Amino acid sequence: MTTDPTAGLAEHELGEEEPGGGVAVEVAPPQEDGAAAAMQEELAAALATALAPQVDEPTETGDMDVSTLAGLGAIPVTPIPFPLAKRRVTGRYRSGGAPFQVELRVDVDGPTPTMRVSADYYSISGATTTYFGSMRVDAVTVAVTPTLVTITGLGRYTWPAGAPRVKITIPRVPIISLPAAATLQHLTLGGSPGATYVCRWISPFLRSVLFEQDRQDTVAAPFVSYNTGSLPSGGPARTLSVVGAYAEAGIQLQTAGVTDVVNTSETGANSTWSDAELHAAMVKHFSLWKDIPQWAVWLFHAQLHDLGPGLLGIMFDQTGRQRQGAAVFYAGLAGTSADQQRLQLYTCTHELGHCFNLLHSWQKSLATPPAPNRPSALSWMNYPWRFPGGPGAFWSGFPFRFDGPELIHLRHGFSNAVIMGGNPFTVGSALEAPEGWGDPLEDASGLRLELKAPRSFSYGEPVSVDLELSGTDSRGRQAPAHLRPRNGTVEIAIRQPAGRTIVYRPLLHQCWRDETTILNADTPPLMESAFIHYGRDGFYFDSPGTYRLRARTVAADGSTILSNVLDIRVRPPLARDDEDAAELLFGDEQGTLMYLVGSDFEGLAAGNDALTELRTRFAKHPLAQVARVVQGTNAAREFKLVGADNSVTVRPANAEEAAELLQPVIDVAAARKPAARQKDPNAIRRAIATQIRDTATDQAGAQIGTYVKARRREIAVELGETVR
Amino acid sequence: MPALQIDFEDGFAGDTVVVTAGGRELWRGDALSTNPAVSLAAVASVEVDEHAVLEVAVPDRGLRESWPVDAPFLRVELAGGRLLLQPSRERPLHL
């Protein structure tokens, strides 16, 4: 029997309805419940689609390779008019069949997309369904054509997946049509096909949780809804219930079960609730309660906790299967004023957030593994009175939403880290310290990944790192043939001085045919350099301080190979000129130009102006060399510009200007020398790239050497064109 | 004799806490641990003389801080190896 849901060539067809009674379900996602639920889903989908911004047409961003970089940005994309808006693809999908079923979550074009996909896998054996594991892709590439959305990326799994790459295709259909099915294709690192799942659309919500509420007999008016426009706030005015607050996060709370009125006598003699009494009340009155992980939660509207009227709410369920119930207390919450209604909404949503395993904003570091605290988060999970600036500042800025990392956790956290009754409270609640970045308990991968870089960089200096993958035993292991963030074959996590941990995301993703190589203790290590200074999140090293880096790659057998932890320091500017010169390099246009190693694209003109100012006004400053390499390399390339009338103008390569700009930085003649003996253009480029790596960077000097080395392929392509 | 409410908040992990005033023990909590779901380890209610100086100690950590009582509520927190006392005129809220 297959033990890896990503492996094999099996195609799992569209799911039939789940079998009915008599089925033993250990852990299963909630089932959609009949025609009424389907109608509700359909209405919700239409509403969500109507409220959300439209998808841009078309936004192809994948399939780039080095040879196409020269024209990047020069070819305007002409929007294609469509008479009918297209349905969004964000939502939840489910496959059928056996031995595995998949619940797939696509989150790329909804109102607040986190640009992720994730999935839970269920093992089907006879009449039992068991949770198998979870997957998430944190860095997706989305390609949109008029007829199809294609999402690709490398997944992280809760097991060593043999085919960890995913390709999801979803036909785009008019908004009036039924949603199309999603096809989830797994691929090995070498590009060989693994398992395919055809998943029918089941909901616009990314998770669905059964929600039961009970109240104590002394609580006459439990919270219903609050108009967020009643008092100043940081978001649009709307009427929000607890269900609505979670719907905005992409989570469906489905009202379920039986509403009980709980007699005060269950509190014992003192009329106040202890945590143990609350737990007993949950087991007795939560009609859906089971001692298993399940997507079901209980909210109890009670009067007063043992800790007094200052305790407004508590997620009391912290023994055994935890996080299945919470209580809110009207001794401190009761009232019909806008202040009190707002506090009721906040407390109810906050306590249920704990049931989803969310920690307080200023205590994310208490999670296992820990994440940076976010005391200034305008989130449901903060305390308004602990917010910097006080409660007035909090409420006036609060948009009645979870913050970004919390949204990712709610929608895409691995199942056990989120599901009620899964991991104990605080375990796996901190998504920002991504799973899979800790040291493995056992490493028999036969591979070692080493991350190297200078110990420090000056302020503004482009940060690049060296990666070295080697075999550690004589058996030989299949490994990726290239280690490039832009190919998705290596990931680099960066912990910034402020404590934020972020995974570097390249500006462009290249769909590269995945090649593998065999590495053993006797073969030379695989060596690459990676430019990680600027990417999709902007500049990753934009303030002085110490940064902690760790890289990882995935071997062909699914082993995750983690590098050493590397600390690098960005030095503060020593003089005013250092600061002024560096500031000319900070800017999205300059970052893009550094990434692309130059461009004529008019949308980057301001960036080019800044680089020109840097190399003229600060000609002797070491950072001016960055501008020289970027603009010199671009001068060496032929650049095609497409006019509004679709006419193509070719700006020829200017070898003279290129040499003038590059000569002080790179020994162009030395770089070209071995290339001159070559006939094949690719061989010429390879020879130049090798020469730049081996010798030309010596001339470049420490300030620019790592950047030149990391960008040598792009530079070589352009010098190669002008070598003959 | 005014009543004082003391909320022991973040940072407690199995600690013994002793509250005294004028050498008299007013309250003792053993094995206090903060519940991260509410950022609260315990709530103590004590009665103190007007103008009393309250002392809060965590003996096992060698920490001790005093405060001349001038508010009906006191928040106590352990952070960065220090005992932080924050008086308040309003009841501290937790959720």
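Biologist: In this predicted model, which residue in strand 5 of chain A is the bridge partner of A:Arg105?

Modeller: The partner is A:Ser118, in strand 5 of chain A. Strand 4 of chain A covers residues 100–107, and it pairs with strand 5 of chain A in the antiparallel sense. Eight bridges hold that pairing.

Biologist: Which strand does strand 5 of chain A join over nine bridges?

Modeller: That is strand 6 of chain A, residues 128–137. These two strands also run antiparallel. One bridge to find on screen is A:Val117 with A:Val137, the latter in strand 6 of chain A.

Biologist: How many residues lie between the strands in the hairpin of strand 5 and strand 6 of chain A?

Modeller: Two. In this hairpin, A:Gly126 takes a positive phi near 60 degrees.

Biologist: How should I picture the side chains of a strand?

Modeller: In a regular strand, they alternate between the two faces of the sheet. Then ask how covered the strand is.

Biologist: Is strand 5 of chain A mostly covered or mostly open?

Modeller: Mostly covered. Strand 5 spans residues 116–125 of chain A, and eight of its ten residues are buried.

Biologist: Next, helices. How do I read the packing of helix 13 against helix 14 in chain A?

Modeller: Start with distance and angle. The axes of helix 13 (residues 624–635) and helix 14 (residues 655–662) of chain A come within 7 Å and cross at roughly 165 degrees. Helix 13 of chain A is therefore roughly antiparallel to helix 14 of chain A. The crossing is left-handed.

Biologist: Which residues meet there?

Modeller: Helix 13 of chain A brings A:Arg628, A:Val629, A:Gln631, A:Gly632 and A:Ala635. Helix 14 of chain A brings A:Glu657, A:Ala658, A:Leu661 and A:Leu662. By class, this contact has five nonpolar, two polar and two charged residues.

Biologist: How many helices and strands does chain B have?

Modeller: Zero helices and eight strands. Its pattern along the sequence is β-β-β-β-β-β-β-β. Of the 95 residues in chain B, 34% are buried. Take the contacts in chain B between residues at least 6 apart in sequence: 51% join residues at least 24 apart.

Note on methods:
Residues numbered from 1 in each chain as written. Chains lettered and ligands numbered in written order. Predicted model: local features only at pLDDT ≥ 70, side-chain atom pairs only at ≥ 80, totals over all residues. Buried ≥ 20, exposed ≤ 12 C-beta atoms within 10 Å, placed from the backbone. Helix = DSSP H or I, 4+ residues; strand = E, 2+ residues; numbered from the N terminus. Pairing = 2+ DSSP bridges. Contact = placed C-beta atoms within 7 Å. Axes fitted to C-alpha atoms, helices over the stretch in contact; angles between N-to-C directions. Parallel < 35°, antiparallel > 145°, perpendicular 65-115°, else oblique. Left-handed = near helix turned anticlockwise from the far one by under 90°. Nonpolar A, V, L, I, M, F, W, Y, C, P; charged D, E, K, R; others polar.
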